[in-house]
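Hi,

Here is the structure I promised to pass on. Have a look at it first, then read my notes below.

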Amino acid sequence: MKLFKTSKGILLQKEKEVFRLQEEWDHIINRQKLFEYLGSLAKKSERIDDTSFDMLINTQLAAPIGRQELWAAGVTYIRSRDARKEESKSAGGADFYDKVYEAERPELFFKSLAHRVAAHNSEVYIRKDSSWNVPEPELTLFINSTGDIQGYTVGNDMSSRSIEGENPLYLPQAKVYERSAALGPCLFVPPHPIFPETLISIIIRRQGRVMFDDSIRLSRMKRSLTDLAAYLFRECEFNHGCFLMTGTGMVPSNDFTLQLKDEIDITIEGIGTLRNTVAMNPIHKTS
Ligand code: DO4
Ligand code: MG
């Protein structure tokens with residue numbers, strides 16, 4: 001089943017039928033057995049037709065996040081480790097990425113609250129003080145308040161490679177700024193945990209031309225999803241549940257940086273495609 005958050009309410013897609021739910025997002029999703037709960041909601045909710053569904057999805061879609069925090073895991077695939085070793089070589093930071101890839105404890109960092117998260121079909125930003133920028137396509141978990149994974153969405157962990165590469169201690173600035181995260185198009189709630197061979201793909205287009213195209217299977221991840229969730233919940237409580245990006249397995253070659261108006265499509269089998277256009281924050285700060 002898929003949940004779509006729109007400015008006109010929550011829509012539940014169950015096979016070929018779509019229902020409009022009356023409850024609030026935070027109240028719906030933070031459940032044990034979310035799949036079964038959605039099935040029971042479908043039975044008592046009003047059905048909407050395909051035309052209304054398409055209209056709401058095309059014009060009113062929001063990111064599938066409410067009062068949850070968004071966290072991220074890092075260096076969970078070899079490609080991320082190697083790209084970061086490369087970019088931080090001259091700063092002397094390379095060893096840290098090797099160590100965290102091998103260590104029992106994963107890298108976890110706070111990414112965002114909902115107000116900085118872009119929805120499907122909206123803009124993500126690159127920083128004005130960053131010369132090297134990439135999207136990071138990441139399977140993103142929805143974990144309920146008792147620490148159990150209940151759903152999945154597509155995530156983009158936008159990153160400044162020039163800022164992180166200059167000094168790993170700049171990580172929060174490389175990772176956290178307006179519209180530096182995107183989630184969507186929906187929250188996918190399957191009856192069973194996600195298939196380990198699920199394919200994650202990215203295509204970046206510039207004026208219609210493909211600039212980068214790659215894919216990887218989830219099974220190439222070094223860590224298990226439940227392990228990442230367990231570490232996050234060790235000493236943190238999340239009363240509304242939380243979202244956790246699980247790290248990128250795809251990084252463009254070193255000569256690539258995003259440009260304004262680039263289009264980023266991230267697709268995860270079973271969930272859908274998250275599309276965003278690259279822009280800069282129009283607000284100019286004077287010093
Ligand atoms: O180590 C810095 C961040 C890593 C990351 O975001 C990733 O591997 O996806
Ligand atoms: Mg990342």
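The shell of residues around ligand 1 divides into three nonpolar, five polar and four charged. Keep in mind that this is a predicted model. If you want to find the shell yourself, look for Ala-72, Gly-74, Val-75, Thr-76, Ser-80, Arg-84, Glu-107, Glu-136, Asp-157, Leu-171, Gly-247 and Thr-248. Two elements, β5 (69-74) and α4 (78-87), each give two or more residues to that shell.

In case the word is new to you: strands of a sheet pair through backbone hydrogen bonds, either parallel or antiparallel. Here, β8 and β18 (residues 272-279) run parallel and are joined by four bridges. For one example to click on, Glu-123 has Thr-277 in β18 as its bridge partner.

Now zoom out. The protein chain has eight helices and 18 strands. Its radius of gyration is 19 Å, close to the 19 Å that the globule rule gives for 287 residues, so the chain is as compact as a globular protein of that length. Along the principal axes, its C-alpha atoms fill a box of roughly 60 × 40 × 40 Å. As for burial, 42% of the 287 residues count as buried. Finally, take the contacts between residues at least 6 apart in sequence: 76% of them join residues at least 24 apart.

Cheers!

Terms used. Residues numbered from 1 in each chain as written. Chains lettered and ligands numbered in written order. Predicted model: local features only at pLDDT ≥ 70, side-chain atom pairs only at ≥ 80, totals over all residues. Near = placed C-beta within 6 Å. Nonpolar A, V, L, I, M, F, W, Y, C, P; charged D, E, K, R; others polar. Pairing = 2+ DSSP bridges. Rg over C-alpha atoms; globule rule 2.2 N^0.38 Å. Buried ≥ 20, exposed ≤ 12 C-beta atoms within 10 Å, placed from the backbone. Contact = placed C-beta atoms within 7 Å.
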